[in-house]
Amino acid sequence: MNHVQKVRVLYKTILRLHRGLPESLQELGNNYVKDEFKRHKNCSPMESQKFMSEWAGYAINLAQQLGLRGKPGPVGMIGEDLTESQLNHFRDEQIAQLYELLQEAKR
């Protein structure tokens, strides 16, 4: 499988996983994923490797949280908190995106 095929499979997998989210989060997540994948379409090989690794981790984490039936378990916890160390590695643009997502998710 070549790189383009791997990206496409990961992208479609994430969108499929989002079907298990509440409707409002599904729309928010889908829009964010589509935007991120578009913006990284022509990134460097090193950036691409990091991008794919992070999104694959997201897909695995979400699949575990949604469980076999594709719906959140009794607790309904979706996602995970970012550590201070992770936040320190973000660019200003990424911090702004996180803030926008937070505001949108609170609506």
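Which residues is L10 in contact with, leaving aside its neighbours within four places in sequence? I looked this up before anything else. L10 is in contact with F37, M52, W55, A56 and A59, those sequence neighbours left aside. Contact means heavy atoms within 4.5 Å.

**Entry: ground rules.** I noted that this is a predicted model, where local features need pLDDT of at least 70, side-chain atom pairs count only at pLDDT 80 or more, and totals for chains, interfaces and linings use all residues. Residues are numbered from 1 along each chain as its sequence is written, and side-chain values use heavy atoms, with hydrogens and water left out.

**Entry: overall layout.** I found 5 helices and 0 strands in the protein chain, in the order α-α-α-α-α along the sequence. Helices (H or I, at least four residues) and strands (E, at least two) are DSSP runs, numbered from the N terminus. Of the 107 residues, 21% count as buried. Buried means under 20% relative accessible area, exposed over 50%, and partly exposed in between (1.4 Å probe, protein chains only). For contacts with a separation of 6 or more, I noted that 50% come from residues 24 or more positions apart.

**Entry: helix α2.** I checked the length of α2, residues 23–39. Its 17 residues reach 24 Å from first C-alpha to last, close to the expected 24 Å. The expected span is 1.5 Å times one less than the number of residues. The buried residues in α2 are L28, G29, N30, V33, E36 and F37.

**Entry: the core.** I then looked at the largest nonpolar core, which has 13 residues. Such a core is a set of buried Ala, Val, Leu, Ile, Met, Phe, Trp, Tyr and Cys residues joined through side-chain atoms within 4.5 Å. L10, I14, V33, F37 and W55 have the most contacts inside this core. Helices α1 (3–18), α2 and α3 each supply at least two of its residues, and α3 gives the most, with 6. In soluble globular proteins, nonpolar side chains tend to be buried together.

**Entry: aromatic rings.** I found 6 aromatic pairs in the whole structure. The rings of F37 and W55 have centres 5.7 Å apart and planes at 55°, so this pair is tilted. F37 sits in α2 and W55 in α3 (residues 45–66), 18 residues apart. Rings of Phe, Tyr and Trp (its six-membered ring) pair if their centres lie within 6.5 Å; planes under 30 degrees apart count as stacked, over 60 as edge-to-face and the rest as tilted. Both F37 and W55 are buried.

**Entry: salt bridges.** How many salt bridges does a search of the whole structure find? I found 4. A salt bridge is a side-chain nitrogen of Lys or Arg within 4 Å of a carboxyl oxygen of Asp or Glu. R39 meets D35 at 3.1 Å, N to O; the two are 4 residues apart in α2, about one helical turn. R39 also forms a salt bridge with E93, at 2.9 Å. R39 lies in α2 and E93 in α5 (residues 92–106), so this pair ties together parts 54 residues apart in sequence. R39 is partly exposed at 37% relative accessible area, and E93 is partly exposed at 44%.

**Entry: E36.** I ended with E36, which joins D35, R39 and E93 in a network of salt bridges. E36 is buried, with a relative accessible area of 8%. Neighbours within four places left aside, E36 is in contact with F51, W55 and Q97.
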